[in-house]
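Me: Could you walk me through this one while I have it open? I'd like to begin with a helix and then move on to whatever surrounds it.

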Amino acid sequence: MNIKKLLLLMIAGLPLLSCAPKQTAWSDEFESMLPLLGHRNWIVVADMAYPLQSGDGITTIYADEDYLDVLAKVKGAIDAAPHVYPHIWRDRELGFIDESLMPGIDATKAGIEKVLGPEAQSVDHEDLIKRLDEAGKLYKVVIIKTPLTIPYTTVFFELDCDYWNADKAAILDQKMGR
């Protein structure tokens, strides 16, 4: 092969050798983080207008997928994890929004209910934001934003230890004389 052909092949292959970092899907990034998370960590699945929080312990990932699909994947991954289980919180405000205020809200609410089941507890949005802010000072908070443009649909998963519980902790404290 002559030099000219070799140079043309090398130049044609340059885009393949780009130094740009490999793009990973949000779910790959999330799944690599989940084993590192434990009790007192939070995972949040949010709508598009959810604020980009700036605390050092807070990581935000953008998932350019349907909100309900993202919510189901996150809940499924947490449920399958051997080390944690979630306390599930959602915005209290969602219960007061109807189709007259936000067209499409009923289908979204039904989808959220289907994914979460009866486990979720409702709390005022601002109280949940404050709790996240506090948690983010000491513990990791992972926020997954989606393109959904329906308000107060954010779901908060506060992680807890799945293989140790308050009853066992109380027995241990008693044994230790606490």
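**Helix, sheet and salt bridges**

Me: Which residues of α5 are buried?

Reply: In α5, the buried residues are His125, Leu128, Ile129, Leu132, Ala135 and Gly136, where buried means under 20% relative accessible area, exposed over 50% and partly exposed in between, with a 1.4 Å probe and protein chains only. Seen down the helix axis they fall within an arc of 125 degrees, so they line one face of α5; the arc is that of the directions from the helix axis to the C-beta atoms. This is a predicted model, in which local features need pLDDT of at least 70 and side-chain atom pairs count only at pLDDT 80 or more, while totals for chains, interfaces and linings use all residues. Residues are numbered from 1 along each chain as its sequence is written, and side-chain values use heavy atoms, with hydrogens and water left out.

Me: And what does the face turned away carry?

Reply: That face of α5 carries the exposed residues Lys130, Lys137 and Leu138.

Me: Which strands do the buried residues pack against?

Reply: They pack against β1, β2, β3, β4, β5 and β6, contact meaning heavy atoms within 4.5 Å. Helices (H or I, at least four residues) and strands (E, at least two) are DSSP runs, numbered from the N terminus.

Me: What is the strand order in the sheet?

Reply: The sheet is open, has 6 strands in the order β2-β5-β1-β6-β3-β4, and shows mixed pairing, two strands being paired if DSSP finds at least two bridges between them. Its edge strands are β2 (58-62) and β4 (121-123), each of which pairs on one side only.

Me: How many bridges join β1 to β5?

Reply: There are 5 bridges between β1 (residues 42-46) and β5 (residues 141-145), which run parallel, and Ala46 has Lys145 as its bridge partner in β5.

Me: Switching topic, how many salt bridges are there in the whole structure?

Reply: A search finds 8, counting a side-chain nitrogen of Lys or Arg within 4 Å of a carboxyl oxygen of Asp or Glu. One of them is in α5, where Glu134 and Lys137 have their closest N and O atoms 2.9 Å apart and lie 3 residues apart, about one turn of the helix.

Me: What about Glu119, and which residue does it bridge to?

Reply: Glu119 forms a salt bridge with Lys75 at 3.4 Å between the closest N and O atoms. Glu119 lies in the loop between α4 and β4 and Lys75 in helix α3, so the pair ties together parts that are 44 residues apart in sequence.

Me: Is Lys75 buried or exposed?

Reply: Lys75 counts as buried, at 7% relative accessibility, whereas Glu119 is partly exposed at 40%. Lys75, Asp79 and Glu119 are linked in a network of salt bridges.
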